[in-house]
Amino acid sequence: MSNVKTQEQTTGEIAKDCGCKDSSRREFFAKVGMGSLIVAAAGTGLFSYEYFSPNVLFESAPIIKAGKPDQFPAGTVTLDAQSGIYLINGAKGFYALGAICTHLGCLTAWKPELDLIACPCHGSRFNRDGVKVAGPAPQPLPWLKVWLAEDGNLMVDRSSTLKEPEYVKV
Amino acid sequence: MATTVKEEFERIRSTEVWRTIFRSGSGSSNLHRSQAVQQNIFLHLFSVKVRSRALEFSPTWYLGALTLSTFFILIATGILLMFYYHPSVPQAYADMKDLQFVVASGVFLRNLHRWSAHAMVFLVFAHMFKVFYRGAYRPPRQFNWVIGVFLLLITLLLSYTGYLLPWDQLAFWAVTVGSNIAKAVPLMGKQIRFLMLGGNEVNANALLRFYVLHCVILPLAAILLVGVHFWRIRKDGGLYVPEKKQL
């Protein structure tokens, strides 16, 4: 019986011989198994994120043909509810505002009797320059890039907001 | 020849077919009764014996059982509504109106689904208040309280996802507002909203995603957790029943 060595003794001797850490075959495979599970889980997470993010969207284009300048009489604020913009013919020229409330994304409406833009959801109000005058909205309505196309139409790019007011003179 | 209903029932209970389904067989000893509970997949969630005090109205007000009842009503009516509802932009609103005005009993089922949903949210909150103020969340029932919190979240998410499906103005703007609230999450808010809606605006993708969540993923999660929730009642020593105060 005395010359029969237990597994621990044998591994211990091998460990002494090579000077490496004491680790059994079972622990090694457990670590390999756990590691591959972690890699597989991370991969599944990544692939799921990719799968659930659509690569092609059938949403409307950011650039809108607003119409000819003479459709917008001087001093008027015109809402295009479909594209969510205001086209305003102001004293200094044409400009456009985003009509989506900066609070939680509702579509605002122009109230000519108040001379204000009002949001129906939580009561934010803006003047015709997009500056907030009341309500919970944290930001003014964004100014959008406007230009006159060669065919005589006013164009608005909803994806590019202006830092400084710019007017289009016609 | 005159057999009583009871004798006939006993005869059926001792047939081989019955014994293959209900192994405990006939007999009404305590052993038979406890086996009848233990050997049934649905009943085994519950205790074999309960204190009669636990079945009274005052310890629970039956709020948990009532919540479960509304959940069953919601599953039954929801499956029936699915037979007529298409989760697509051109059809969703019209299907909802058809259920109200064209489909036989459609308005009854839709309203039952709607009112049960409101009732379930109310009952879940009432149940949680009752558990909280009774102190029934305390050890050894802490984990079941945590499961209950997850069930509350699932209930609210079911309400929220179901809110979009009629595809009317209220639904559209409520989900627009809700998804913009999700956008306020630090760092990954935009990605969360994009994944939620399957795009940048509330549109066909959002409708389909909310439909799948509402009809498949969230109910399955709820059924799973409800199972654990009920099983834990037994494992945590039965319903919390405080001693009756001596007046």
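**A tour of the two chains**

Tutor: Chain A has two helices and 10 strands as its secondary structure. Bear in mind that this is a predicted model.

Student: Thanks. In what order do the elements of chain A run from the N terminus on?
Tutor: The order is α-α-β-β-β-β-β-β-β-β-β-β.

Student: And how do the strands sort into sheets?
Tutor: Let's begin with the open sheet of six strands in chain A, which has the order E1-E10-E9-E4-E3-E2 with antiparallel pairing. At its edges stand strand E1 (63-67) and strand E2 (77-80) of chain A.

Student: Why is one side of each edge strand left without a neighbour in the sheet?
Tutor: E1 and E2 of chain A each have a single partner strand, so one side of each has no neighbour in the sheet.

Student: OK, go strand by strand. How many bridges are there between E2(A) and E3(A)?
Tutor: Four bridges link E2(A) with strand E3 (residues 85-90) of chain A, in the antiparallel sense. If you'd like a pair to click on, Asp80(A) has Ile85(A) in E3(A) as its bridge partner.

Student: Got it. What about E4(A) and E9(A), how many bridges there?
Tutor: Two bridges, again antiparallel, between strand E4 (residues 93-98) and strand E9 (residues 143-148) of chain A. Here you'll find Ala96(A) opposite Leu144(A) in E9(A).

Student: And which residue stands opposite Lys145(A)?
Tutor: That's Asp157(A), in E10(A). E9(A) is joined to strand E10 (residues 154-162) of chain A by six bridges, and the two run antiparallel.

Student: How many residues lie between E9(A) and E10(A) in their hairpin?
Tutor: Five residues. One to look at in the turn is Gly152(A), with a positive phi of about 90°.

Student: Now the other strands. What is the order of the open sheet of four strands?
Tutor: It goes E5-E6-E7-E8 in chain A, with antiparallel pairing. Strand E5 (109-111) and strand E8 (132-134) of chain A are the edge strands, and each pairs on one side only.

Student: How much of chain A counts as buried?
Tutor: 19% of its 170 residues. On contacts in chain A with a separation of 6 or more, 38% come from residues 24 or more positions apart.

Student: Switching to chain B. Into which domains is chain B divided?
Tutor: Domain 1 covers 5-45 and domain 2 covers 54-235. The C-alpha centres of these two domains of chain B lie 37 Å apart.

Student: And where does chain B touch chain A?
Tutor: There, 13 residues of chain B contact nine residues of chain A. Helix H9 (169-183) and helix H10 (189-197) of chain B each supply at least two residues of the touching side of chain B. H9(B) gives the largest share of that side, five residues.

Notes. Residues are numbered from 1 along each chain as its sequence is written. Chains are lettered from A and ligands numbered from 1 in the order in which they are written. This is a predicted model: local features need pLDDT of at least 70, side-chain atom pairs count only at pLDDT 80 or more; totals for chains, interfaces and linings use all residues. Two residues are in contact if their C-beta atoms, placed from the backbone, lie within 7 Å. Domain bounds come from an automatic or database domain assignment. Two strands pair if DSSP finds at least two bridges between them. A residue is buried if 20 or more other C-beta atoms lie within 10 Å of its own, exposed if 12 or fewer, and partly exposed in between; C-beta atoms are placed from the backbone.
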